[in-house]
Amino acid sequence: MEEKTHPFFALKARDFRLYWLALVAQVVGQHMFAFTLGWLTFEITGSQAQLGLIHLCGFVPQFALTLLGGVLADRIDARVLIGAAQTTASITMIMVGVVTLLGVAQLWHLALGAFLWGLSAAIDEPARASFFPRLLPRPLLRAAVPLISMAFGSSRVIAPSIAGFLIAAAGAPATFLASAAAISTMMAVLFLVRPSHGVVARPHGSLLDNFTESLRYIRANEAFAKAIGAALLNATLAMGFIHMLPVFAKVVLQVDSRGLGILASAAGIGSLAGFASYSWLQPHLSPRNLMVGALTVYNVALIGLAFSDWYWLSFCAILVAGLCHGYFVTCVQVMLQTLVEDRYRGRVMSVFALVWSLMFLSGFLLNTAGEWVGPRLALAGGAVIVLAYVWLSLVRAKALKKIVLAPKPG
């Protein structure tokens, strides 16, 4: 039984293995695109506010439509939704790459690219969360969730470094086109996998009724409500620090695109370490203690980053933040995917998926606040608010204390 909780055991399932490899390539492409888009925006405008605007353009469609994507994921074949989303994203990256290659890229081109990418992500993320559990036996689901998180963590290690060096070597156009090629992998794999078709009751009625029903389901489950609430608040006020790194790199630490790539990859290295070691840590801590501890250290590390003037100290702060973020996100996802009823899976996971769209709002809020009070105070202020919620609300959640996701080590 212990073997089946190890993340890599899930890769023995052929369809899940193909899907996971394609997911790594897809998310690498997405992070390369987002990284390059932010770098190019700041290079063209030199404005932190304009950089925040680009993040806002990505946030609006993703935030507004992710919940719709979750409802659709419970009603429509997830493969159709994923394929349509990835086609839109690929065309968007090619479009931005071409206008940049021709030397005619303007702010509105980049804003449109961010908007269309956010639109595709709104449909893609809840569809993927609903789809992958059908690619492997249910006993392996708890082992598979850290691997899904690891795909995102590994991409954050690889993508910023690839993008930073590729920008320096071949320019932004080549990076945009490489991003499009990477995400196209998922479209090919969708034709190779054969998901199981268990008996799952599809929701009926209007889309609005389906959505409100899922909110009532979450609200009735205190553990779900508290964990998702903490994740959404942290995403809104703290996770956007990654979108402030161009400012910290250029203005505070005074490094070039290579230095920025290394700095950004620290978050991915930490996250990857968290995802890889989660299966060891999970039996030793309750979900409540793991969430509280991880979020606390995460935000303390961001406060350290905010006031650091040393490059390698900043790197270490981001590394620690990435590690704790990996623990927190994986713990919440394991809890949700393990305990949620199948007929609510797409909708519940779409609410949690708002975390990734709220990162864009966070980037906008933190960068806009940075224009007024400076990037240091903006980042530290957001982290302090999240810490207050963790210790005034999340730590008191009685339902979380009762949840056991793994047996205690003997």
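User: Is threonine 36 buried or exposed?
Analyst: In this predicted model, the relative accessible area of threonine 36 comes out at 0%. The cut-off for buried is under 20%. So threonine 36 is buried.

User: Which helix holds threonine 36, and which residues is it in contact with, leaving aside neighbours within four places in sequence?
Analyst: Threonine 36 sits in H1, the helix that covers residues 14-45. Once the neighbours within four places in sequence are set aside, the contacts of threonine 36 are Ala163, Ile167, Ala172, Thr175 and Phe176.

User: Alanine 34 is in helix H1 too. Is alanine 34 buried, exposed or partly exposed?
Analyst: The relative accessible area of alanine 34 is 22%. Buried would need under 20%, and exposed would need over 50%. That value falls in between, so alanine 34 is partly exposed.

User: How far apart in space are alanine 34 and histidine 55?
Analyst: Along the sequence, alanine 34 and histidine 55 are 21 residues apart. Going C-alpha to C-alpha, the separation in space is 9.0 Å.

User: Let's step back to the whole chain. How many helices and strands does the protein chain have?
Analyst: The protein chain has 0 strands. Its helix count is 15.

User: What radius of gyration does the protein chain have, and how does that fit a compact globule?
Analyst: For 410 residues, a compact globule would come out near 22 Å, and the value for this chain agrees with that. The C-alpha trace spans about 55 × 45 × 40 Å along its principal axes. As for the radius of gyration itself, the protein chain has 20 Å.

User: What percentage of the residues count as buried, and what percentage of the contacts join residues at least 24 apart?
Analyst: Of the 410 residues in the protein chain, 61% count as buried. For the contacts, take those between residues at least 6 apart in sequence: the share joining residues at least 24 apart is 89%.

User: Where does glutamine 86 lie, and is it buried or exposed?
Analyst: Glutamine 86 is part of helix H3, which runs over residues 78-101. Its relative accessibility is 1%, and buried means under 20%. Therefore glutamine 86 counts as buried.

User: Which residue makes a polar contact with the side chain of glutamine 86?
Analyst: Not counting residues up to four places away in sequence, glutamine 86 touches Gln26, Gln30, Asp124, Ile183, Met186 and Met187. A polar contact of 3.0 Å links the glutamine 86 side chain to that of aspartate 124.

User: How are helices H7 and H8 oriented where they pack?
Analyst: H7 (residues 207-220) and H8 (residues 222-237) have axes 5 Å apart, at an angle of about 100°. Angles of 65 to 115 degrees count as roughly perpendicular. So H7 is, relative to H8, roughly perpendicular.

User: Which residues make that contact, and how many are nonpolar, polar and charged?
Analyst: H7 brings Tyr217, Ile218, Arg219 and Ala220, while H8 brings Glu222, Phe224, Ala225 and Ile228. By class, the contact of H7 with H8 has 6 nonpolar, no polar and 2 charged residues.

User: Serine 214 is also found in helix H7. Is serine 214 buried or exposed, and which residues is it in contact with beyond four places in sequence?
Analyst: The relative accessibility of serine 214 is 1%, so serine 214 counts as buried. Leaving aside neighbours within four places in sequence, the contacts of serine 214 are Tyr344 and Arg347.

User: Where is methionine 239, and what is its relative accessibility?
Analyst: Methionine 239 lies in the loop between H8 and H9. Residues it touches, not counting those up to four places away in sequence, include Tyr298, His325 and Trp356. Methionine 239 counts as buried, because its relative accessibility is 4%.

User: Which loop holds glutamine 254, and what is its phi?
Analyst: Glutamine 254 is in the loop between helix H9 (245-252) and helix H10 (257-281). With a relative accessible area of 65%, glutamine 254 is exposed. Most residues other than glycine have a negative phi. Glutamine 254 has a positive phi, near 55°.

Methods: Residues numbered from 1 in each chain as written. Predicted model: local features only at pLDDT ≥ 70, side-chain atom pairs only at ≥ 80, totals over all residues. Heavy atoms only, no water. Helix = DSSP H or I, 4+ residues; strand = E, 2+ residues; numbered from the N terminus. Buried < 20%, exposed > 50% of the residue type's maximum accessible area, 1.4 Å probe, protein only. Polar contact = N/O pair within 3.5 Å; in protein donor to acceptor, adjacent residues only side chain to side chain. Contact = heavy atoms within 4.5 Å. Axes fitted to C-alpha atoms, helices over the stretch in contact; angles between N-to-C directions. Parallel < 35°, antiparallel > 145°, perpendicular 65-115°, else oblique. Nonpolar A, V, L, I, M, F, W, Y, C, P; charged D, E, K, R; others polar. Rg over C-alpha atoms; globule rule 2.2 N^0.38 Å.
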